[in-house]
Amino acid sequence: MKLLRTLAISGAMIAALVTGTAAPASADAYSSNAYGSALFESAGDYITLTHYTYDPYPGNYASYAEWYTSYGRTGICGDNIGGRVACNEDVAENRYITIRVCTRYGVFNGVTCGAWATSRT
């Protein structure tokens, strides 16, 4: 009887731990190209833009993140020539945001963009 009660309590504790500490599914979106990346973090509504490459001739390149929401908002985060930039876009909850990173590299080259990525906000 004592063993049965101990097993029941142990089972209840394990169930409480598993259901109480389960992490929610990730709601982040990530886009990259050869020059940089953009990451949407749903906790805080941040878009983090990172530019990977270093150009000895400043002003000839820049990475930026384009984004739009399922309810009609659009925007651009950064115009980053190196390092990391974070933008707090404060989007509506329980909707969708789609992002991608783009890079202008040099005066005569076209814009290089990563694939669009969508996330729940």
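Reader: How many aromatic pairs does the structure hold?

Author: This is a predicted model in which local features need pLDDT of at least 70 and side-chain atom pairs count only at pLDDT 80 or more, while totals for chains, interfaces and linings use all residues. Residues are numbered from 1 along each chain as its sequence is written, and side-chain values use heavy atoms, with hydrogens and water left out. A pair of aromatic rings is described by the distance of the centres and the angle of the planes. Rings of Phe, Tyr and Trp (its six-membered ring) pair if their centres lie within 6.5 Å; planes under 30 degrees apart are stacked, over 60 edge-to-face, and the rest tilted. The structure holds 1 aromatic pair: Y68 and W116, edge-to-face, with 5.2 Å centre to centre and 65° between the planes.

Reader: Which parts does the pair tie together?

Author: Strands (E, at least two residues) are DSSP runs numbered from the N terminus. Y68 lies in strand β4 (residues 61-69) and W116 in the loop between β8 (111-113) and β9 (117-120), so the pair ties together parts 48 residues apart in sequence.

Reader: Which strand pairs with β4?

Author: Two strands pair if DSSP finds at least two bridges between them. β4 pairs with β7 (residues 96-105) in the antiparallel sense over 9 bridges, and Y64 stands opposite C102 in β7. C102 also stands opposite C113 in β8.

Note on methods
Helix = DSSP H or I, 4+ residues; strand = E, 2+ residues; numbered from the N terminus.
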